[in-house]
Amino acid sequence: MATDLLRTPRAGLGPTAGTAAVVLLALLAATAAAPLVAMALGTDGRSVDLLARLEPPSVAHPLGTDELGRDVLVRLLEAGRISLAVGLGGALLAAVIGTAIGLAAGYVGGVLDALLMRVTDAVISLPLLPLLIVLAAVDLGKLGLPRDSTASSVARLIVIVGLFGWTTTARLVRASVLSLRSSEFVRAAQALGGGTLTILIRHILPNAAGPLIVATTLSVGNVILAESVLSFLGLGIQPPAPSWGNMLTGAQDLVFEAPRLAWWPGLLIFLAVLSFNVLGDGLQAALDPRRRRGGVR
């Protein structure tokens, strides 16, 4: 029945994807511990000390200080919390929107399917980066929202990415639904009087979860890159709140004087994006229904 596909033995993640998962867990744990690290060092990521600017690594400042005398390690961890929150939040919102559209288009079909797919094509045709730049530059104060709130900046980026990043998920879910809606377990659920919403949520969605999980995982890295680009351009997270992107912005004028200020946020962006992409590839292999034990290798 509906759980047959879920019970199919899957291939493992593999050592590369497993390593990526460990790296991501380490990043999440480190960023979650940012307040504890700040407490242990007796500082925070926003404390300015011009007398201690550009200090090299020491016991008091393990990664040194930046151009305003702020502890680089604490700022990196606090920035990671924001950048990863935007990445995960934006990817999840896009997954929710794309899943709803894909389920409706694939199961109902007909005119609704054609209409939703044309809307999807229209969104795909939009130049994403210029559109993100324009929307990120909108003055929140004119919308009745606080201009300088970190939470509002994070929420704005998540909403912008979610509203325009759902197209891949919608197409993948639609394709899965089209192949599943004529399955025996779906017909049996229909014969037993199951409603459309019940069939979609209890029977079709769990069996279409593989492509959905993979697409969401892969999109997290893209969202982190988009946030970094917008913050680097001064349109994302606004100082003094740190993000990996605006830390790179602050380091660009000191690339020769203190190159480590650019190395660390750049390295963490690279590790996070690479790890999410490798994990997504590993999940794609592990959730492939053809990769059964004794099957395709």
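Helices, in what follows, are DSSP runs of H or I with at least four residues, strands are DSSP runs of E with at least two, and both are numbered from the N terminus. With that settled, here is the structure. This is a predicted model, in which local features need pLDDT of at least 70, side-chain atom pairs count only at pLDDT 80 or more, and totals for chains, interfaces and linings use all residues. Residues are numbered from 1 along each chain as its sequence is written, and side-chain values use heavy atoms, with hydrogens and water left out.

First, the overall layout. The protein has twelve helices and zero strands. Read along the sequence, the pattern is α-α-α-α-α-α-α-α-α-α-α-α. Of its 297 residues, 43% count as buried; buried means under 20% relative accessible area, exposed means over 50%, and partly exposed lies in between, with a 1.4 Å probe and protein chains only. The protein exposes about 14900 Å², and carbon and sulfur atoms supply 68% of that area. Accessible areas come from the Shrake-Rupley method with a 1.4 Å probe, and for residues only the protein chains shown count as cover. Among contacts with a separation of 6 or more, 73% are between residues 24 or more positions apart. A contact means heavy atoms within 4.5 Å.

Next, confidence. pLDDT is the predictor's confidence in each residue, from 0 to 100. The average here is 82, and 89% of the residues score at least 70. Over residues 292–297 the pLDDT is below 50, and this stretch has eight contacts in the model beyond near neighbours in sequence. Residues 1–10 stay under 50 as well, with 21 contacts beyond four places in sequence. Where pLDDT is low, the predicted coordinates should not be read in detail.

Now helix 8. Which residues of helix 8 are buried? In this helix, residues 184–191, they are Phe-185, Val-186 and Ala-189. They lie on the same side of helix 8, because they cover an arc of only 100° around the axis. That arc is taken from the directions from the helix axis to the C-beta atoms. Glu-184, Arg-187 and Ala-191 are exposed on the other side of helix 8. The cover over the buried residues includes helix 3, helix 7 (167–180) and helix 9 (196–207). Just after helix 8 comes Gly-193, with a positive phi of about 90°.

Most residues other than glycine have a negative phi, and most peptide bonds are trans. Leu-54 sits in the loop between helix 2 (34–41) and helix 3 (72–108), and it is buried, at 18% relative accessible area.

On to charges. Side chains of opposite charge can pair when their charged atoms come close. A salt bridge here is a side-chain nitrogen of Lys or Arg within 4 Å of a carboxyl oxygen of Asp or Glu. How many does a search of the whole structure find? It finds six.

Take Asp-121. Its side chain meets that of Arg-118 in a salt bridge, at 2.9 Å from N to O. Asp-121 is partly exposed at 29% relative accessibility, and Arg-171 is partly exposed at 37%.

Elsewhere, Asp-66, Glu-67, Arg-70 and Arg-75 are linked in a network of salt bridges. Within it, Asp-66 pairs with Arg-75, with the closest N and O atoms 3.7 Å apart. Are these two buried or exposed? Both Asp-66 and Arg-75 are buried.

Two last items. Ala-226, in helix 10 (residues 209–232), is buried at 16% relative accessibility. Ala-226 and Val-161 are 65 residues apart in sequence, and their C-alpha atoms are 8.4 Å apart in space.

Finally, the surface. Trp-263, Trp-264, Leu-267, Phe-270 and Leu-274 make a nonpolar surface patch of about 540 Å². Patches are made of residues with over 30% relative accessible area and no salt bridge, where like charges are joined within 9 Å and nonpolar side chains (Val, Leu, Ile, Met, Phe, Trp, Tyr) within 5 Å. Leu-267 is in helix 12 (residues 260–286), and at 38% relative accessibility Leu-267 counts as partly exposed.
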